[in-house]
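Subject: Structure for you to look at

Dear colleague,

I am handing over the structure we spoke about, and my notes on it follow below. Please read them with the structure open beside you.

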Amino acid sequence: MAEMTLIQAITQAMDEELARDKRVFITGEDVGPRGGVFRATMGLFDKYGADRIVDSPLAELSIVAIGIGAAVAGLRPICEIQFADFIHPAFNQIVSEASKMYYRSNGQWNVPMVIRAPYGGGISGGLYHSQSVEAFFTHLPGLKVVIPSTPHDAKGLLKSAVRDPNPVMFFEPKKGYRAIKGDVPEGDYTVPIGPARIARVGTDVSVYAYGMMAHYATIAAEMVAQSDGIAAEVVDLRTLLPVDKEAILNSFKKTGKALIVYEDNLTMGYGAEVAAILANEGFEYMDAPVRRLAGPDVPGVPFSHDMQEFFMVNPHKIADAIRDLAAY
Amino acid sequence: MAVKTQKAQQAPPVSPELQREMYWYMLLSRRLDERTWMLHRQGKIAFHISAIGHEAAQVGAAFAFNRGVDYAYPYYRDLAMCLVIGMTPLDFMLGVYGKEGEPSSGARQMPSHWSNKKLNIVSQSASVATQVPHAAGSAFAIKYRQKVGLQDPNDPTQPRLAIVCLGEGSTSQGEWHEGMNWAGVHQLPFICIVQNNHYAISVPFDQQSAVPNVADRAAAYGVKGVVVDGNDVLAMYHVTREAVERAYNGEGPTLIEAKTYRPVPHSSDDDDRSYRSREEVEEWKRKDPILRFQKVLTEAGLLTQADIDEMEARAKRIVDEAQKRAEETPYPPGHAALGDVYAPLES
């Protein structure tokens, strides 16, 4: 067991999968000798060579589309989109092609590929290096959508994603790449795609979150425990599609109060689905309005410091929302 | 890398048997296609998109590669090509009627959206040109497998190239550009066949392209570009054969532009009288690829009137039978809509 950062765990997962299976290759912008702009593929070019760590042309559509064609032909591509903000040129390929290939071919052709993309704000990235795009993709049956919040889960989930016979969107909270540290087991293990994780046990309020917000929610839960004696339970969703309804409802049965936290814009964000699940299947346990804490409905995360901080959800804002809900 | 216009007579001879087989598939495709138009006009089916006029381009190309083994990415107009690769008239008719057991998609997709894993025909969507970078990806996978030792480059039981078809209108899409670019950068075993019928539904080619040939653009990608008479099945066969040899020998990708014409509307929902003259259509009907090949074969003594009569009778029997069996087959149950969302995890 070694302590490492989130991004080190991601690199290690790819390293081990490349070593385990020759069908695995990586493509994306600057993934080769540069090791990726965030250094996620650092060292892999030297170890596995230009045949398997393939610098792509600067064109996201074909990073994904080449991956689809290679996956169909039996390889296991890991496609890196440099920032989730730049995934939109590939949207048609993900919506019309990757997510529908298995269904539209009557189960003949599957697309075992991973699309990795760093997402999220708070890094002075402005409108085009801060986006949270997950909700677009959780609307697509046929895809799996995974967002880890700990190094342990990042490694185990990424390995599961590489081995999954379906296309997996693997969104990485880039603000946590080096800020989030944790113990990671040596060697091979997987974390299954699907189940949520109870990051902190509590009885007063359920906090549902993923990625950076799951990390922050855990910090906020400790804050309110110490300041107000509130026992908040944090449910780290980990897999957004397919969603773990059972874990969502089991926590709600205990607390009757739900706070859903995400850093995307509020309206039609992923939290809307969690709220709908609770409204429909958790109504009998409900003790308070289902609350969502998210970014404001503006077109992007602004660059300048105070505007960025105004936009971003942080542990203090989460703690306030927990207190508010606990007092209801 | 200048664009060359290939002439069939420069190429080695094609056996009489193969020529007759080519003629047979062109004829079968045409009769099946004509029947489907009729079924639509009778109100029996919802939709048809036709291969009429494109048979020479498709049949000539399809006989040139290792069909059923090499990856094929056809487009919605490729009835004749898919018949040569191994899909059956019944397969097609089940799709037209949306019936149970339809092999491409389980009748989830509209007709003529081909897929057959046993034949390495990869599924395509209705969003045009999306399949081009997929074909480049499969060609990349072939080269990758050979380089990392997962596949013997000379093993003919393994796919050794990917071939993709599309219309000239679809080459305006960014997908086409990005697929061609990958094929060029990595010099992939990749063949792109553009069936240029001069119209993107109603928009003529000169409003889609500032250069007269799609193949003129090939050089910009480091891809060999060839223009061929797409109504000449033997010319089509020869240029594709040459491209196949280049791909198998690691000499890189080829773009083949087959100039042809669609003498029928774009689909059963189109009315082509609004965008082109009847005179133009009649002129192209006189250049019909089947009549033209029939004349070549007859004059060469490779086809008699008795042969033609026999083939016509056989095609009618096959088409009748396919239609009858498709009509007798039930629809898939409504709950089949819920299947095949996710592939199961491998244990």
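Predicted model: local features only at pLDDT ≥ 70, side-chain atom pairs only at ≥ 80, totals over all residues.

The partner of B:Lys44 is B:Glu327, and the two form a salt bridge in which the closest N and O atoms are 3.6 Å apart. This pair links distant parts of the chain, since B:Glu327 belongs to helix H10 (residues 305–328) of chain B while B:Lys44 sits in the loop between helix H1 (16–41) and helix H2 (55–62), 283 residues away. B:Glu327 is partly exposed as well, with a relative accessible area of 34%.

Turning to the chains themselves, chain A contains 12 helices and 14 strands. Its radius of gyration is 19 Å, close to the 20 Å that the globule rule gives for 328 residues, so chain A is as compact as a globular protein of that length. The C-alpha atoms of chain A fill a box of roughly 60 × 45 × 40 Å along the principal axes, and 63% of the 328 residues count as buried. Among the contacts in chain A between residues at least 6 apart in sequence, 83% join residues that are at least 24 apart.

Chain B, for its part, has 10 helices and 8 strands. A compact globule of 347 residues would have a radius of gyration near 20 Å, and the 20 Å computed for chain B agrees with that. Its C-alpha atoms fill a box of roughly 60 × 50 × 40 Å, again taken along the principal axes, and 60% of the 347 residues of chain B count as buried. Of the contacts in chain B with a separation of 6 or more, 76% come from residues 24 or more positions apart.

The size of an interface is often given as the accessible area lost when the parts come together. For chain A and chain B the buried area is about 4,000 Å², with 59% of it on carbon and sulfur atoms. Three residues, A:Tyr103, A:Arg104 and A:Trp109, supply 19% of the area that chain A buries against chain B, which is more than any other three residues supply.

As for polar interactions across this interface, 27 residue pairs of chain A and chain B are in polar contact, counting pairs with both residues at pLDDT 80 or more.

The rule finds 1 salt bridge across the interface of chain A and chain B. In a salt bridge, the side chains of B:Lys147 and A:Asp51 meet at 3.1 Å, N to O.

Over all chains, a search of the whole structure finds 44 salt bridges. One of them joins A:Arg238 to A:Asp153, with the closest N and O atoms 3.2 Å apart. Here too the pair links distant parts of the chain, with A:Arg238 in the loop between strand S11 (232–236) and strand S12 (239–241) of chain A, and A:Asp153 in helix H7 (residues 151–163), 85 residues apart. Are these two residues buried or exposed? Both A:Arg238 and A:Asp153 are buried.

A local pair is found in helix H12 (residues 315–326) of chain A, where A:Arg323 and A:Asp320 lie 3 residues apart, about one turn of the helix. These two form a salt bridge whose closest N and O atoms are 2.7 Å apart. A:Arg323 is partly exposed, with a relative accessible area of 26%, and A:Asp320, at 47% relative accessibility, counts as partly exposed as well.

Finally, chain A holds a network of salt bridges that links A:Glu16, A:Glu17, A:Arg20, A:Lys155, A:Lys159, A:Arg163 and A:Asp188.

Technical notes. Residues numbered from 1 in each chain as written. Chains lettered and ligands numbered in written order. Heavy atoms only, no water. Buried area = accessible area lost by both parts, 1.4 Å probe. Salt bridge = Lys/Arg side-chain N within 4 Å of Asp/Glu carboxyl O. Polar contact = N/O pair within 3.5 Å; in protein donor to acceptor, adjacent residues only side chain to side chain. Helix = DSSP H or I, 4+ residues; strand = E, 2+ residues; numbered from the N terminus. Rg over C-alpha atoms; globule rule 2.2 N^0.38 Å. Buried < 20%, exposed > 50% of the residue type's maximum accessible area, 1.4 Å probe, protein only. Contact = heavy atoms within 4.5 Å.
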